[in-house]
Amino acid sequence: MVDLSPENYHSFIQDSPEARRKTMQQIQYLMTKLKPVQFPVCVVDPLLEDCPIVGASGSFMQMVGRGFREVIGKNCRMLLEGVPAEEISRSARKDSRNYCTTARLRNLASLPNMVLLQRNARKTGE
């Protein structure tokens, strides 16, 4: 199981200790469900600051060439490292920011799913 203690993930959850503990338990549960999934998938939490990745399948880790410790708690921006500027979709990035901002401003715990397509790069830059 992935160690998601705040010390290891730069305290990306800024709530009270009790809220942080509950969130961490939810993330641990999500990870146990996602790890064996046979296709690449990652889940972000738009209610947390900077919309960190809070869950990902093993297939996702293999596809991006990174380990869980390099991904969980980080924003998806890191996946753009190595992507040529002309292949970065401004509209997808804008839609993503708007979605996350809406979730935070309205304090929504549930929004319709959002799917965005964006070319990403592996850790090696490929």
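Arginine 77 counts as partly exposed, at 42% relative accessibility, in this predicted model. Its partner in a salt bridge is aspartate 50, with the closest N and O atoms 2.7 Å apart. That pair links distant parts of the chain, since aspartate 50 sits in the loop between S1 and S2, arginine 77 in the loop between H3 and H4, and 27 residues separate them.

**Salt bridges**

- The whole structure holds four salt bridges.
- Aspartate 50, like arginine 77, is partly exposed, and its relative accessible area is 36%.
- Glutamate 81 and arginine 66 also meet through their side chains in a salt bridge, at 3.6 Å from N to O. Glutamate 81 belongs to the loop between H3 and H4 and arginine 66 to the loop between H2 and H3, so this bridge ties together parts 15 residues apart in sequence.
- Arginine 66 counts as buried because its relative accessibility is 11%, under the 20% cut-off.
- Glutamate 87 and arginine 119 form a salt bridge at 2.2 Å, N to O. Glutamate 87 lies in the loop between H3 and H4 while arginine 119 is in the segment after H4, so parts 32 residues apart in sequence are tied together.
- Both residues of that pair are partly exposed, glutamate 87 at 35% and arginine 119 at 39% relative accessibility.

**Nonpolar core**

- The largest nonpolar core has 15 residues, and Phe60, Met61 and Val71 have the most contacts inside it.
- At least two residues of this core come from each of helix H1 (17-34), strand S2 (53-56), helix H2 (58-64) and helix H3 (68-71).
- Beyond its neighbours within four places in sequence, valine 71 is in contact with Ile53, Phe60, Met61, Arg66 and Met78.

**Cysteine 51**

- Cysteine 51 has a positive phi of about 45°, although it is not a glycine.
- You will find cysteine 51 in the loop between strand S1 (42-44) and S2, where it is buried with a relative accessible area of 9%.

**Largest pocket**

- The largest pocket has a volume of about 1,500 Å³. Its lining comprises 45 residues, of which Cys42, Val43, Val44, Cys76 and Ser96 are the closest to the centre.
- H1, S1, H2 and helix H4 (90-105) each supply at least two lining residues, and H4 gives the most, with nine.
- By type, the lining divides into 29 nonpolar, nine polar and seven charged residues.

Conventions: Residues are numbered from 1 along each chain as its sequence is written. This is a predicted model: local features need pLDDT of at least 70, side-chain atom pairs count only at pLDDT 80 or more; totals for chains, interfaces and linings use all residues. Side-chain values use heavy atoms; hydrogens and water are left out. A nonpolar core is a set of buried Ala, Val, Leu, Ile, Met, Phe, Trp, Tyr and Cys residues joined through side-chain atoms within 4.5 Å. Buried means under 20% relative accessible area, exposed over 50%, partly exposed in between (1.4 Å probe, protein chains only). Helices (H or I, at least four residues) and strands (E, at least two) are DSSP runs, numbered from the N terminus. Contact means heavy atoms within 4.5 Å. On a 1 Å grid over the protein atoms alone, a cavity is a set of points where a 1.4 Å probe fits but cannot get out, and a pocket is an open set with protein on both sides within 12 Å along at least five of seven lines; lining residues have an atom within 4 Å of a point. Grid points are joined across faces, edges and corners, and a volume is the space filled by probe spheres set on the points. Ala, Val, Leu, Ile, Met, Phe, Trp, Tyr, Cys and Pro count as nonpolar, Asp, Glu, Lys and Arg as charged, and the others, Gly among them, as polar.
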